[in-house]
Amino acid sequence: VCSMGNSTSRLYSALAKTLSSSAVPQHQDCLEQPDPAQLDPIDPKDLLEECQMVLQKRPPRFQRDFVDLKKNAASNHRPIRVMQWNILAQALGEGKDNFVQCPMEALKWEERKCLILEEILAYKPDILCLQEVDHYFDTFEPLLSRLGYQCTFFPKPWSPCLDVEQNNGPDGCALFFLKDRFELINSANIRLTAMKLKTNQVAIAQTLKCNETGRLFCIAVTHLKARTGWERFRSAQGCDLLQNLKSITQGAKIPLIICGDFNAEPTEEVYREFSNSSLNLNSAYKLLSPDGQSEPPYTTWKIRPSGECRHTLDYIWYSQHALNVNSALGLLTEEQIGPNRLPSFNYPSDHLSLVCDFSFNQDPDRLL
C-alpha cells in the first residue's frame, strides 16, 4: 500500500475496509439499506484518486467519448445521466464463468472493484443501474451512500453465486440515484414471472421526482434469464415486466427509462415486445447508428471454453416522446478490447457500461 498524506488517510481507511472485507452479512431481501446518515460524505474526486492509487500497476482506463445526439434546442435544465452496467458478479467471474483468456490475477476483487468504481466515478451518473451485484453490502452501498446516492438492492432468490465456494452472498440488481437531484415517490421490487410461475429473475422500479423540473419519471433495472434455449422464457419475463411497468406508470402517463441486461439479441421476441409496447419505448443506443435503427454490434465480448461470444444484450429503453436522448457514451472498439476480449486488466466486466444523458420533452403534455 502506498503511503498517503493526512488529507486522504481517513478516506483510504474507508476504502481499505471494503477492499479487505470478507465478512458477509446475513442474507437480506433488502429493499432499502439501513440509514447511513451517520457516515461522513466522501468527495468523489478523493475516492477516484484512491482507486487510481490501487490501480497504478494496471493499464490506464480506455478513452470513450460521448456522441452528441441532440436534435432540438438545448434544454433549460441539466440532463439526467443514466448508467447501465452488468458489472460481473465476483463469485461468477472467479468461479463459474470460465473466461479462458483472462488471467485470474485480473479478477482479484481488491483491484477489480476499484476498476468498477473508477468507471462509475469517471462518468458521474445521476442514476446508476447495476446487475450481478454480489458485493452490495460490503462495497457499493457503504461507498455510494457516502457519495450522496440512495441505494436499493434486490437479490435473486436462488443466486448462482451461492453455489461458489467462499461466495459473498447472492447477486442481484441494484439501483442508485443522487438524493440531491431526485425525490423517491414510490419503489417496487418485482420478482418476474413466466407462464404464471415465479422465476429467479428480478427487477426494481422506482418513481422519482426531478427536484429541478418537478417532473415525475420511472426508472427500472432488470436482468433477464441467460442462455440459449430460454428465448420463450425471456419473452414471458419481458411481458410480465412490461405489465408491471404499465401499472406503475399509469399506462405511460409517467415517462419511463428501463435499464437491463436482457440476455437477448435484437432478433429475439422479448426485444420486439419492448419495441412494440404500448409504452412507446425506443432503445437509446440505436441512435448511435447512422440510420438510428440499428443496435450496436456488441455490448459483451468474451472467450469461454466453448468459443468466442460477441453479443448485443444490454439496453437502455426510454419513453421516446416524453424524453430526449441528448448524448450517449460510445462503445469500446475491437482494438481497445484486444484479442483476449473481456474482462481484462484494462476492463473489469465482460459487459460494457452504457451511459446516456436524458432531458424531458419541453411539451409536458406530449407524452405519447
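This is a predicted model: local features need pLDDT of at least 70, side-chain atom pairs count only at pLDDT 80 or more; totals for chains, interfaces and linings use all residues.
R61 is the residue I would like to start from, and R61 is partly exposed, with a relative accessible area of 27%, where partly exposed covers the range between buried, under 20% relative accessible area, and exposed, over 50%, using a 1.4 Å probe and protein chains only. Residues are numbered from 1 along each chain as its sequence is written, and side-chain values use heavy atoms, with hydrogens and water left out.

R61 forms a salt bridge with E119, with 3.1 Å between the closest N and O atoms; the term requires a side-chain nitrogen of Lys or Arg within 4 Å of a carboxyl oxygen of Asp or Glu. Because R61 lies in the loop between helix 2 and strand 1 while E119 belongs to helix 4, the pair ties together parts that are 58 residues apart in sequence. Helices (H or I, at least four residues) and strands (E, at least two) are DSSP runs, numbered from the N terminus. E119, at 5% relative accessibility, counts as buried.

A second pair involves R58 and E111, whose side chains meet in a salt bridge at 2.8 Å, N to O. This pair also links distant parts of the chain, with R58 in the loop between helix 2 (44-54) and strand 1 (66-68) and E111 in helix 4 (residues 109-123), 53 residues apart. R58 is buried at a relative accessible area of 8%, and E111 is buried as well, at 19%.

How many salt bridges does a search of the whole structure find? The search finds 17, including one between the side chains of E105 and K108 at 3.7 Å, N to O. There, E105 is partly exposed at 45% relative accessibility, and K108 is partly exposed at 30%.

Let me turn to E268, which sits in the loop between strand 9 (256-261) and helix 7 (269-275) and is buried, with a relative accessible area of 10%. Leaving aside neighbours within four places in sequence, E268 is in contact, meaning heavy atoms within 4.5 Å, with E231, R234 and N263.

Finally, strand 11 (residues 300-304) and strand 12 (residues 307-311) pair in the antiparallel sense over five bridges, pairing being assigned if DSSP finds at least two bridges between two strands. A hairpin of two residues joins strand 11 to strand 12, and R304 has G307 in strand 12 as its bridge partner.
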